[in-house]
Amino acid sequence: AKIAPDMSRIIYVRNLPFKITDDELYDIFGKYGAVRQIRKGNTDKTRGSAFVVYEDVFDARAAVDQLSGFNVAGRYLIVLYYNPQKAAQRQQMLAQKEELERIRQSYQKKGA
Ligand code: ADE
């Protein structure tokens with residue numbers, strides 16, 4: 001049998017209340033199994049999202065199935081599997097932005 005890819009242990013959550021605490025996140029996502037790690041978005045662009053890493057692929061699946069549309073403080077959660085292509089796209093965009101900023105600053109120093 002094929003070994004399940006690691007991505008299926010990781011879920012990507014959006015539309016979280018900005019002020020949600022780590023304890024609240026562990027309460028919500030821990031219901032479906034042991035959680036190894038939660039990484040909450042902490043930039044303007046990523047606030048309200050989180051990556052939740054489960055120990056077990058079946059628990060990640062249960063969370064995707066049962067928490068999609070779950071109401072938290074009047075917001076409905078969007079719960080997806082982690083998508084490495086999307087994560088790579090985001091990283092690429094960030095890297096491009098940083099590169100542009102470096103170029104911009106080097107021009108500024110030259111007084112252009
Ligand atoms: N960015 C947008 N959607 C994503 C997903 N499903 N996984 C990782 N990063 C994402």
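Mentor: Happy to! Let's begin with a definition: a residue is called buried under 20% relative accessible area, exposed over 50%, and partly exposed in between. Please keep in mind that this is a predicted model.

Now to the rings. Searching the whole structure turns up two aromatic pairs. One of them joins Y12 and F51, with 5.1 Å from centre to centre and 35° between the planes, which makes the pair tilted. Y12 belongs to strand 1 and F51 to strand 3, so this pair ties together parts that are 39 residues apart in sequence. How accessible are the two partners? Y12 has a relative accessible area of 13%, so Y12 is buried. F51 comes out at 27% relative accessibility, and because that value falls between 20% and 50%, F51 counts as partly exposed.

F51 has another ring partner, Y82: this pair is edge-to-face, with centres 5.6 Å apart and 80° between the planes. Here F51 in strand 3 meets Y82 in the loop between strand 6 (78–81) and helix 3 (84–109), so the pair ties together parts 31 residues apart in sequence. Y82 is partly exposed, at 22% relative accessibility. Taken together, ring pairs link Y12, F51 and Y82 into a cluster.

Let's follow Y12 to one of its contacts. S49 sits in the loop between strand 2 and strand 3, and its relative accessibility of 8% makes S49 buried. Neighbours within four places in sequence left aside, S49 is in contact with Y12, V13, R14, L16, R39, K40 and G41.

Take helix 1 (residues 22–29), where L25, I28 and F29 are buried. These residues span an arc of only 85° around the axis, which puts them on the same side of helix 1. On the face of helix 1 turned away from the buried side you will find the exposed residues D23 and D27. The cover over the buried residues of helix 1 includes strand 1 (10–14), strand 2 (35–40), strand 3 (50–54), helix 2 (57–67) and strand 4 (71–72).

Helix 2 has buried residues of its own: V57, A60, A62, A63, V64 and L67. Among the elements covering them are strand 1, helix 1, strand 3 and strand 6. Both ends of helix 2 deserve a glance. Just after helix 2, G69 takes a positive phi of about 85°.

Finally, look along to helix 3, where S106 is found. S106 has a relative accessible area of 30%, so S106 is partly exposed. Its side chain reaches the backbone oxygen of I103 at 3.1 Å. Between the C-alpha atoms of S106 and A62 there are 50 Å, with 44 residues separating the two along the chain.

Key. Residues numbered from 1 in each chain as written. Predicted model: local features only at pLDDT ≥ 70, side-chain atom pairs only at ≥ 80, totals over all residues. Heavy atoms only, no water. Buried < 20%, exposed > 50% of the residue type's maximum accessible area, 1.4 Å probe, protein only. Helix = DSSP H or I, 4+ residues; strand = E, 2+ residues; numbered from the N terminus. Arc of directions from axis to C-beta. Contact = heavy atoms within 4.5 Å. Phe/Tyr/Trp six-rings, centres within 6.5 Å; stacked < 30°, edge-to-face > 60°. Polar contact = N/O pair within 3.5 Å; in protein donor to acceptor, adjacent residues only side chain to side chain.
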